[in-house]
Amino acid sequence: MAHLKQQFKKALSSIEPGNDKDNAPEAHRLVSDALKADPKLAEYGVSPVLIGSYKRNVSIRRIKDVDVFVRLADVPRDVTSQDILDRFFKVLHAEFGTDSDGHRRTKRQDRSLQVSFPDYDLYVDAVPARPYGDGTWEIPQKGEDNKWVRTNPDGLTALSSAMNADHDEYYVPTVKLLRQTRRALLGKRPGGFFIEMAAYQAFASGLVSGDDQAEYYVSALREVSKIVDNFVTFGIAVTDPTLPGHTISIRATDDELNTARERFADAAASAEAALVEEDEGQAALAFRKLLGTNGDGDTVFPMPDGFNDDGSKKASAISPGARSVPAGKATFG
């Protein structure tokens with residue numbers, strides 16, 4: 001069986017965020033500081049916190065957006081979501097202005113404000129939140145004036161950490177590999193969060209296991225492909241583990257979802273075949289195709305020593321049956 005432990009280790013290193021690890025928290029700090037400095041938001045008890053894939057340590061190279069969850073613990077109930085979004089825009093536009101081309105760096109979205117950082121090649125999404133009443137929060141409902149939707153991002157961070165500990169630190173790297181597989185196989189949608197939540201559901205079911213990274217990746221890919229198929233074929237929603245009885249929502253067309261179902265099913269079959277493949281070169285070739293290239297355009301999964309990029313074995317320096325061998329140094333010991 002081809003478990004290729006060193007190759008999986010190098011693959012994970014290849015998809016780990018690079019300079020983004022420094023740029024993302026700095027961009028987060030700048031947006032947070034601007035919001036905390038506003039007197040009106042300070043009156044509302046403003047307290048920004050980092051959330052999203054970067055916070056949960058499951059982001060992959062490259063990080064293009066950073067999510068800042070802006071908690072407003074003391075905001076009056078009669079202050080509407082539009083009032084808050086208006087205030088956010090006023091504060092952030094005043095702080096960040098325009099870029100070198102004269103474009104506004106702050107862009108208003110349905111439920112957040114997006115601030116561009118051209119020097120870092122990333123965006124910060126600042127999402128306002130008010131208390132729901134039970135330790136969870138509400139954020140503006142997309143496309144609805146003064147409608148709010150319940151969420152619990154802090155809970156998801158805690159659950160992810162616990163799941164990682166329960167699986168001997170294999171959960172987080174497996175999610176990274178699944179996110180990279182999604183990036184290699186699909187377009188923009190469905191996004192990485194959908195695959196991550198499908199992965200969490202798969203792990204929580206007890207059906208994902210393994211003794212090394214290869215086994216965890218293949219096992220998780222198989223179960224995630226089933227969850228994607230059930231979602232697309234039968235409309236079985238993916239659960240929100242932080243809010244009992246709730247499910248997650250995603251944006252994707254029917255064609256995008258059907259493509260995801262087909263490609264993840266094929267990927268699971270290819271990965272299972274690769275795991276039991278005796279030829280390490282052919283196994284590595286299959287994993288290489290599943291993981292594609294990282295955000296810098298570099299191939300993620302390396303070939304084992306002694307194999308070409310097409311999975312064939314490299315020619316030996318000494319051909320079998322040769323009558324002589326190259327001379328070595330006359331030293332011993």
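Buried here means under 20% relative accessible area, with exposed being over 50% and partly exposed in between (1.4 Å probe, protein chains only). Keep in mind that this is a predicted model, where local features need pLDDT of at least 70, side-chain atom pairs count only at pLDDT 80 or more, and totals for chains, interfaces and linings use all residues. Residues are numbered from 1 along each chain as its sequence is written, and side-chain values use heavy atoms, leaving out hydrogens and water.

Who pairs with whom? Two strands count as paired if DSSP finds at least two bridges between them. Strands (E, at least two residues) and helices (H or I, at least four) are DSSP runs, numbered from the N terminus.

| Strand pair | Sense | Bridges |
|---|---|---|
| β1 (residues 46–51) and β2 (residues 65–72) | antiparallel | 6 bridges |
| β2 and β5 (residues 122–131) | parallel | 7 bridges |
| β4 (residues 113–117) and β5 | antiparallel | 5 bridges |
| β5 and β6 (residues 137–140) | antiparallel | 2 bridges |

Now for some individual partners. D65 has Y123 as its bridge partner in β5, while I51 has D67 in β2. L113 stands opposite A126 in β5, and P131 stands opposite W137 in β6.

Two hairpins involve β5. The one with β4 has 4 residues between the strands, and D121 in its turn has a positive phi of about 55°.

Next, the nonpolar cores. A core is a set of buried Ala, Val, Leu, Ile, Met, Phe, Trp, Tyr and Cys residues joined through side-chain atoms within 4.5 Å. The largest one has 56 residues, and Y217, L221, V224 and F287 touch the most other members. Helix α9 (213–234) is among the elements that give it two or more residues, and α9 provides the largest share, 10 residues. Not counting residues up to four places away in sequence, F287 touches A2, L4, F8, Y217, V218, A271, A274, L275 and F301, where a contact means heavy atoms within 4.5 Å. Apart from this core lies another of 29 residues, including V75 and F96.

Zooming out, the protein has 11 helices and 7 strands, and 47% of its 333 residues are buried.
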